[in-house]
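Dear colleague,

Please find the structure below, together with its sequence.

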Amino acid sequence: MSKKVLVLGEAREGALRNVSYEAIAAAKQISSGGEVVSVLLGDSVGELATELGKYGADRVITVEHPHLKQYTSDGYGQALLAVIEQENPDAIVFGHTALGKDLSPKIASKLQIGLVSDVTSIEGEGDSAVFIRPIYSGKAFEKVKVKAGIEFITIRPNNIAPLAKDDSKSAVVSSLSVDITNLRTIIKEVVRKTTEGVDLSEAKVVIAGGRGVKSEEGFAPLKELADVLGGAVGASRGACDADYCDYSLQIGQTGKVVTPDLYIAAGISGAIQHLAGMSNSKIIVAINKDPEANIFKVADYGIVGDLFEVIPMLTEEFKKLKVNA
Amino acid sequence: MNIYVLVKRTFDTEEKIVVSGGKIQEDGAEFIINPYDEYAIEEAIQVRDAQGGEVTVLTMGGEDAEKQLRTALAMGADKAVLINIEDDVEEMDQFTAAHVISEYLKDKNPDLILAGNVAIDGGSGQVGPRVAESLGINYVTTITNLEINGTTVTIKRDVEGDTEVLETSLPLLVTAQQGLNEPRYPSLPGIMKAKKKPLEEVELDDLDIDEDDVVAKTETIEIYLPPKKEAGKVLEGELADQVKELVHLLHSEAKVV
Ligand SMILES: Cc1cc2nc3c(=O)[nH]c(=O)nc-3n(C[C@H](O)[C@H](O)[C@H](O)COP(=O)(O)OP(=O)(O)OC[C@H]3O[C@@H](n4cnc5c(N)ncnc54)[C@H](O)[C@@H]3O)c2cc1C
Ligand SMILES: Cc1cc2nc3c(=O)[nH]c(=O)nc-3n(C[C@H](O)[C@H](O)[C@H](O)COP(=O)(O)OP(=O)(O)OC[C@H]3O[C@@H](n4cnc5c(N)ncnc54)[C@H](O)[C@@H]3O)c2cc1C
């Protein structure tokens, strides 16, 4: 059976996040020839709608309201429930982002339905779609089916490839007016710590430092390499506990789980809790002084050496590569 | 203040996962309090010590979870509740868990509920917000700071590395992120005292819940381990050559840059 699938588009600083397109691709597969409807919420989001069409959305519904300028679960919840009521979808897809994680259980609870969180791939399509998600922080996987009712999933960024952009395609855009009232949370301020805008969970390249980085300043060469590769900097808990960096950078079982194309671990021993957060990365590079370090067991490529020598050399080589490319 | 903490018993983070007969093997594994729930317990104790009131730790699970509840009592919680579903529920999911927990809480009038932001085993992060929504109270996830002034609550939360500062009010459910506090270890006197603290056990019958009302909405059809990663290539030779080779490999062989 072909299905109608609702997809939440997510913007960050005025631009759509990649996961919005990945969610459309997931929705296409679930819809099995049905309809994919993207939803955009905000105070002024109309301009973003055309992009969604090029990535495969059949329709886009915008809800614009001053109270939707900043995300709150109350505001976004009311807007989305209004869209769901109007559209009556067979399935819903969100990104498993800070916003998606916060909002999806509220909607699922309200509708008294199941929710499959943090899906990394989908097998089959339409009625036979099966959702695969990591459990035990990536130490195992499970395949999950929704027994009945609306299929609601959140997808982990960076795992489901978006469809190729097709400039000739466009979506039918409509707007829905929703009365947003009674917000119980007021956002006072957002303190930006991630200045460069490459989000750790969406980055294609992650350069992670551990206790071997030795100080806050020690992260500077890692940052430089990340900048050259357009990546983000991450850390082990060892580095966070030692106050070399903020806990928001921590990768692992009690930190962020990342699956970039390239993960470079510098001065990280490779504790089981750290591996849980990064071992599903496509390519892992380990740089460690200790040839016996556990991290070499999961690394595709390893260099035994001092990270303060190796990282700057790598940065120079990549710079050369970029110039020649 | 009437404070509840949702605590989940989970595998120790050191444990390797073994799957046999389509299930995760639990025999011989060490169990702990879900690490994020430790932050929640610590914060609850601090709020109580500052504001007065009582901290109740609540878990839904089997008899074995008593051990984790006793640990929470030893840290300083006042009371514990075990909703024992072992004999009643065969298949469950996050809907089930949240439904059962909120049925228990609905007539307890909590001012503040704390949970972990995610369980390191099931990993969905659904239970906290689902419980709040069923109870009709507000929630804030992944918090790193909590200040309570009367019924006004000021919170810092982690949003993908940025910090959001927000204001809301009680009653409220929050979920703990790393960085919220440093959970204390149970002290020896704490452990002794915990043995005498009340631990109530209830079953679905006591909550007037019909087993059919909590049937899972989703179904796990297979559990498997990720493909084992082969150890890769440790480069050799002069360091400068190793670096050149690595860049070449990443560019031409792995094609990731
Ligand atoms: C409940 C629990 C949850 C946890 N969750 C996490 C988590 O989410 N994420 C996480 O990362 N950890 C987590 N841990 C901690 C984990 O067990 C390890 O302690 C931690 O990962 C170690 O960090 P590290 O590798 O940076 O430090 P270390 O283990 O001290 O390793 C430092 C490494 O740097 C190398 N080194 C030193 N100097 C240099 C140099 N100049 N050049 C190159 N290499 C150098 C050393 O050879 C060593 O291998 C958790 C632990 C517990 C108990
Ligand atoms: C006896 C038993 C049988 C189960 N059978 C199945 C099964 O057949 N299929 C299946 O998919 N899963 C099964 N589970 C797992 C269960 O469905 C999930 O673990 C549960 O729904 C919580 O989801 P989560 O792990 O994603 O927690 P999250 O939503 O990630 O947890 C977030 C926070 O919610 C709170 N919390 C979560 N769970 C509990 C709890 N039980 N008690 C108190 N607080 C809690 C904690 O504060 C936690 O930090 C079973 C669990 C038990 C105990």
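A residue is called buried under 20% relative accessible area, exposed over 50% and partly exposed in between, with a 1.4 Å probe and protein chains only. By that rule, buried residues make up 60% of the 325 residues in chain A.

This is a predicted model, in which local features need pLDDT of at least 70 and side-chain atom pairs count only at pLDDT 80 or more, while totals for chains, interfaces and linings use all residues. Residues are numbered from 1 along each chain as its sequence is written, chains are lettered from A and ligands numbered from 1 in the order in which they are written, and side-chain values use heavy atoms, without hydrogens and water.

Chain A

The secondary structure of chain A comprises eight helices and 18 strands (DSSP runs numbered from the N terminus: helices H or I of at least four residues, strands E of at least two). The C-alpha trace of chain A spans about 60 × 40 × 40 Å along its principal axes. In helix 1 of chain A, 11 of the 14 residues are buried, including A:Tyr21, A:Glu22 and A:Ile30. A:Ser32 follows this helix with a positive phi, near 50 degrees.

Cavities

On a 1 Å grid over the protein atoms alone, a cavity is a set of points where a 1.4 Å probe fits but cannot get out; a pocket is an open set with protein on both sides within 12 Å along at least five of seven lines, and lining residues have an atom within 4 Å of a point. Points are joined across faces, edges and corners, and a volume is the space filled by probe spheres set on them.

There are two cavities of 30 Å³ or more. The largest cavity has a volume of about 110 Å³, and its 14 lining residues include A:Asp102 and B:Tyr139, which are among those nearest its centre. Strand 9 of chain B gives the largest share of this lining, three residues. The second largest cavity holds about 40 Å³, and among the residues that line it are A:Tyr136, A:Lys139, B:Phe11 and B:Asp121.

Second largest pocket

The second largest pocket contains about 1,100 Å³ of space. Its lining has 39 residues, with A:Arg237, B:Thr13, B:Pro35, B:Glu38 and B:Tyr185 nearest the centre. Helix 2 of chain B supplies the largest share of that lining, four residues.

With kind regards
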